[in-house]
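Have the structure open as you read.

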Amino acid sequence: MKKITWLTTIPVLVAVLSSNRAHAFTFTQVGDAGETLNTAQVISPASSQPLDAISGTLIGNADVFKIYLTGGQNFSASTVSNYTLNQLPGAIAQAENYNAANLLSPTKVDTLLDPALALFDSTGKGIYSNDNSFGSAQPTLTSAGLSPTQSGYYYLAIFNSGSLPVDASTNPIFPTNLTQDQEIGPTNPNSSFTGFTSSSTINPVQGIPNYTIFLTGAQAGAQAAAIPEPSSMLGIWAVGALGAVAFLKKEKQQHKPVKFDSNV
């Protein structure tokens with residue numbers, strides 16, 4: 001009887017294994033993310049689940065997030081979307097036109113209008129940065145060229161384009177003479193960033209500076225021990241089940257009552 005009960009646990013085990021499969025997720029900023037390595041917001045839960053996007057609101061000069069990259073030059077980050085590329089410019093123009101005629105009740109756009117992105121390694125050394133991409137004021141760090149090849153923890157920063165990541169001597173980590181659609185590496189590859197300069201430029205139609213950074217090749221944490229896929233485990237348990245059934249049949253045959261011939 002115990003063996004039959006054991007067989008009924010197979011679907012339960014498969015269901016548990018299925019629940020452990022990795023699912024991509026979007027992380028939403030908690031409070032105000034910091035602007036330095038020590039105050040960077042850590043993505044949680046710290047698992048090897050693919051991290052599809054980070055959403056937040058830029059309160060100060062920058063938001064810095066600690067993420068894990070799987071390497072192999074498959075990392076990318078961008079705030080470009082259908083909305084920011086196609087609809088946001090019209091929303092900005094509409095707000096500007098409205099404000100010109102309604103000075104006492106100006107309207108605002110609740111999207112971060114002109115952000116920049118930068119990626120730093122685990123010690124704060126600059127990897128690459130971008131201010132504008134695809135003919136828009138939205139940044140993109142592509143998966144080609146300067147994208148890191150080594151797996152590990154990195155720091156992703158989003159900041160106002162009027163701010164600059166700087167080292168301990170307030171020297172800019174990246175060149176300031178950026179051109180449209182240009183990704184750029186660090187000015188000094190040995191310098192580590194310690195913070196950001198304050199932005200002195202504020203767009204008059206900037207409302208709540210919300211943003212979403214779309215990601216590829218990123219995780220919340222390091223790769224955990226591999227969990228067998230449910231399909232492979234099902235095969236293993238199925239083999240065990242067949243063995244158990246064969247064992248039960250053999251046991252039944254061995255204990256079959258012996259018939260005696262009364263004519264003997």
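Let's begin on the surface with Thr170, which counts as exposed because its relative accessibility is 57% and the cut-off for exposed is over 50%. Thr170 sits in the loop between β10 and β11 (183–184). Its backbone is worth a glance: phi is positive, at about 60 degrees, even though Thr170 isn't a glycine.

Phe134 has a positive phi too, about 55 degrees, and it isn't a glycine either. You'll find Phe134 in the loop between β7 (126–130) and β8 (140–141). With a relative accessible area of 55%, Phe134 is exposed.

Keep in mind that this is a predicted model, so all of these values are computed from predicted coordinates.

Now for a residue on the inside. Is Gln41 buried or exposed? Gln41 is buried, since its relative accessible area is 11% and buried means under 20%. Gln41 belongs to strand β2 (residues 41–42). The Gln41 side chain makes a polar contact with the backbone oxygen of Val30, at 2.7 Å. Setting aside neighbours within four places in sequence, Gln41 touches several other residues, including Phe27, Gln29, Asp32, Val64, Phe65 and Lys66.

| Residue | Relative accessible area | Class |
|---|---|---|
| Gln41 | 11% | buried |
| Phe134 | 55% | exposed |
| Thr170 | 57% | exposed |

How much space lies in the largest pocket? About 420 Å³. It's lined by 23 residues, and those closest to its centre are Leu112, Leu113, Asp114, Asn160 and Gln206. Helix α3 (residues 82–101) gives the largest share of that lining, with four residues. Sorted by class, the lining holds ten nonpolar, twelve polar and one charged residues.

Finally, how confident is the predictor? Across the protein chain, pLDDT averages 79, and 74% of the residues score at least 70. Among the elements, strand β10 (residues 165–166) has the highest mean pLDDT, 96, while helix α2 (residues 10–19) has the lowest, 36. Over residues 1–21 the pLDDT stays under 50, and the model gives that stretch 23 contacts beyond four places in sequence. Residues 225–245 are also below 50, with 21 contacts in the model beyond near neighbours in sequence.

Notes: Residues are numbered from 1 along each chain as its sequence is written. This is a predicted model: local features need pLDDT of at least 70, side-chain atom pairs count only at pLDDT 80 or more; totals for chains, interfaces and linings use all residues. Side-chain values use heavy atoms; hydrogens and water are left out. On a 1 Å grid over the protein atoms alone, a cavity is a set of points where a 1.4 Å probe fits but cannot get out, and a pocket is an open set with protein on both sides within 12 Å along at least five of seven lines; lining residues have an atom within 4 Å of a point. Grid points are joined across faces, edges and corners, and a volume is the space filled by probe spheres set on the points. Helices (H or I, at least four residues) and strands (E, at least two) are DSSP runs, numbered from the N terminus. Ala, Val, Leu, Ile, Met, Phe, Trp, Tyr, Cys and Pro count as nonpolar, Asp, Glu, Lys and Arg as charged, and the others, Gly among them, as polar. pLDDT is the predictor's confidence in each residue, from 0 to 100. Contact means heavy atoms within 4.5 Å. Buried means under 20% relative accessible area, exposed over 50%, partly exposed in between (1.4 Å probe, protein chains only). A polar contact is a pair of N or O atoms within 3.5 Å; within protein, one must be able to donate a hydrogen and the other to accept it, and residues adjacent in sequence count only if both atoms are side-chain atoms.
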